[in-house]
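Here are a few friendly notes to read alongside the model.

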Amino acid sequence: MKFKVSEKRAAFLAHHFLNYSFEGRELDIKTFNTIQETIELHYIAQNHNYDNGNDLLKHIINHRQCDISTARMIFFRSDIDGFYKG
């Protein structure tokens, strides 16, 4: 597994998956499904703008390459206390 996303690849991922809705674009599932590296999914989730909604995060969690650390990060960043009714 790679432990770093190259600058070129980070720019590619940012263009396709970060702030896409603010630019009037739909989520590019076809390109998303070509991701093979766990670290790239983690990079996208780590830089996700929650104002874009949760569709991308759901795709990340269901991706075959998503690891537990990425899923946990998404879970804990999702303001679970805001949904919990104690």
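How many aromatic pairs does the structure hold? The structure holds 2, where rings of Phe, Tyr and Trp (its six-membered ring) pair if their centres lie within 6.5 Å. This is a predicted model, in which local features need pLDDT of at least 70 and side-chain atom pairs count only at pLDDT 80 or more, while totals for chains, interfaces and linings use all residues. Residues are numbered from 1 along each chain as its sequence is written, and side-chain values use heavy atoms, leaving out hydrogens and water.

1. Phe17 and Phe32 pair edge-to-face, with 5.8 Å centre to centre and 80 degrees between the planes (planes under 30 degrees apart count as stacked, over 60 as edge-to-face, the rest as tilted). Phe17 belongs to helix α1 (residues 7–17) and Phe32 to helix α2 (residues 29–32), so the pair ties together parts that are 15 residues apart in sequence. Helices here are DSSP runs (H or I, at least four residues), numbered from the N terminus.

2. Both Phe17 and Phe32 are buried (under 20% relative accessible area; exposed is over 50%, partly exposed in between, with a 1.4 Å probe and protein chains only).

3. Phe75 and Phe76 also form an edge-to-face pair, at 5.0 Å centre to centre and 80 degrees between the planes. Phe75 is partly exposed at 44% relative accessible area, and Phe76 counts as exposed at 59%.

4. Helix α3 (residues 38–46) packs with helix α5 (residues 68–77) at an angle of about 10 degrees, their axes 9 Å apart. Axes are lines fitted to C-alpha atoms over the stretch in contact, and angles run from 0 to 180 degrees between N-to-C directions. That makes α3 roughly parallel to α5 (angles under 35 degrees).

Key
Helices (H or I, at least four residues) and strands (E, at least two) are DSSP runs, numbered from the N terminus. Angles under 35 degrees count as roughly parallel, over 145 as roughly antiparallel, 65 to 115 as roughly perpendicular and the rest as oblique.
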